[in-house]
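Student: Please take me through how to read a model of this kind, one feature at a time.

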Amino acid sequence: MKLLEQKRGLVVGVANAHSIAWGISQACHQHGAELAFTYLNESLEKRVRPLAESVNSTLILPCDVSQDDHLEKLREALQKWGPLDFVVHCVAFAQREDLDGRFLDTSREGFRVALDISAYSLVALARACEPVMKPGGSILALTYYGAEKVVRNYNVMGVAKAALEASVRYLAADLGPQQLRVNAISAGPIKTLSAKGIRDFNDMLKHACEKAPLQRNVDASEVGKSAVYLLSDLSSGVTGEVHYVDCGYNLMGM
Ligand code: NAD
């Protein structure tokens, strides 16, 4: 049974075939969705365009979410493309020096950049997409456990994810009257381009694997399957939620 047949979605955040956004895109494509993609810059376009074309995408655009004029061009392109059923936000960035050592030492600029690109961008993207989204539509963001608990070296990104999760709730309240839903998936650690920027990321993978009830790490295809649920009518009564896809890691105490 295909859950996203006749549905069109925008995916923001594919960098390469290891991206969580690509795992989500593949699952959406398998469920019959038509997809539009954005890429950050020319060097990533070389990777994103062939991936997008492999799932027959007809709209592939540049978009740096920190640039208002890029979001405006995206809004115009989406208006021409036609009504949108879902939006996937898989974007995060912090300066490398802020993903190491003490959170206390985060610079004002490092804090601003991380919060702008990793949290405010969801608000800006939702606003750009709102005029073209159909009632029943769904917006999905990606978050991590470091929003709630201190995770060594995650630092300013944990604070940005806390802002992102709060933004999910506020956006859910604002967009609910239009029958638009906003949710997040809190994924366990997965080896991606961004993850490589976090110091000792392999230790995070090992720890999560040892502590999680399922005794393994999650992969992007599993995030993709849960994303299909949150993007489809199966979750029509769910909004403002953070849904864990982490092999149960979050529920374990000592
Ligand atoms: P990734 O590097 O594949 O994806 C991050 C994406 O953010 C890239 O496509 C990059 O181009 C994009 N990006 C960065 N700055 C941007 C900007 N200014 N404008 C537009 N795009 C920009 O890594 P990923 O791990 O797949 O990350 C996707 C999402 O999943 C992120 O929100 C990340 O925090 C979240 N997440 C990752 C993990 C993990 O362990 N990998 C776990 C939980 C949540």
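Student: Is Ser 19 buried or exposed?

Tutor: Ser 19 has a relative accessible area of 8%, so it is buried. Before going on, note that this is a predicted model: local features need pLDDT of at least 70, side-chain atom pairs count only at pLDDT 80 or more, and totals for chains, interfaces and linings use all residues. Residues are numbered from 1 along each chain as its sequence is written, and side-chain values use heavy atoms, with hydrogens and water left out.

Student: Where is Ser 19, and what is it in contact with?

Tutor: Helices (H or I, at least four residues) and strands (E, at least two) are DSSP runs, numbered from the N terminus. Ser 19 sits in the loop between β1 (8-12) and α1. Contact means heavy atoms within 4.5 Å. Outside the four places on either side in sequence, Ser 19 touches Gly 13, Val 14, Thr 192 and Ala 220.

Student: Which residues are closest to the ligand?

Tutor: A residue is near a molecule or strand if one of its heavy atoms lies within 4 Å of it. Here 27 residues surround the ligand, and Ser 19, Lys 161, Ile 190, Thr 192 and Ser 194 are the closest. Next come polar contacts, which are pairs of N or O atoms within 3.5 Å; within protein, one must be able to donate a hydrogen and the other to accept it, and residues adjacent in sequence count only if both atoms are side-chain atoms. Thr 192 has a polar side-chain atom 2.5 Å from an oxygen atom of the ligand, and for Lys 161 the distance to an oxygen atom of the ligand is 2.8 Å. An N or O atom in the side chain of Asp 64 is 2.8 Å from a nitrogen atom of the ligand.

Student: How many residues of α1 are buried?

Tutor: The count is 8 of 11, so the helix is largely enclosed by the rest of the structure. Among the buried ones are Ile 20, Trp 22 and Ile 24. The buried residues of α1 pack against β1, β2, α2 (42-54), β4 (84-89), β5 and α7.

Student: What is the distance between Ala 220 and Ile 24?

Tutor: Their C-alpha atoms are 7.1 Å apart, although 196 residues separate them in sequence. Ala 220 belongs to helix α7 (residues 220-231) and counts as buried at 14% relative accessibility. Beyond four places in sequence, Ile 24 also contacts residues including Val 88, Leu 140 and Leu 231.

Student: How many residues does the largest nonpolar core have?

Tutor: In soluble globular proteins, nonpolar side chains tend to be buried together. A nonpolar core is a set of buried Ala, Val, Leu, Ile, Met, Phe, Trp, Tyr and Cys residues joined through side-chain atoms within 4.5 Å. The largest one here has 89 residues, and Leu 10 and Ile 24 have the most contacts inside it. Helix α4 (residues 108-129) supplies the largest share of this core, 10 residues.

Student: How many aromatic pairs are there?

Tutor: A pair of aromatic rings is described by the distance of the centres and the angle of the planes. Rings of Phe, Tyr and Trp (its six-membered ring) pair if their centres lie within 6.5 Å; planes under 30 degrees apart are stacked, over 60 edge-to-face and the rest tilted. The whole structure contains 3 such pairs. Trp 22 and Phe 37 have ring centres 6.2 Å apart and planes at 45°, so they are tilted. This pair joins helix α1 (residues 20-30) to strand β2 (residues 34-39), its members being 15 residues apart. Tyr 144 and Tyr 154 are edge-to-face, at 4.8 Å between centres and 65° between planes.

Student: Which ring does the charged end of Arg 8 sit over?

Tutor: The test is that NZ of Lys or CZ of Arg is within 6 Å of the ring centre and within 35 degrees of the ring normal. Arg 8 sits over the ring of Trp 81, 4.1 Å from its centre. Lys 211 lies over the face of Tyr 249, at 4.5 Å.

Student: What is the phi of Asn 56?

Tutor: Most residues other than glycine have a negative phi. Asn 56 has a positive phi of about 60°, and at 58% relative accessibility it counts as exposed. Asn 155 also has a positive phi, about 45°, but it counts as buried at 13%.

Key
Buried < 20%, exposed > 50% of the residue type's maximum accessible area, 1.4 Å probe, protein only.
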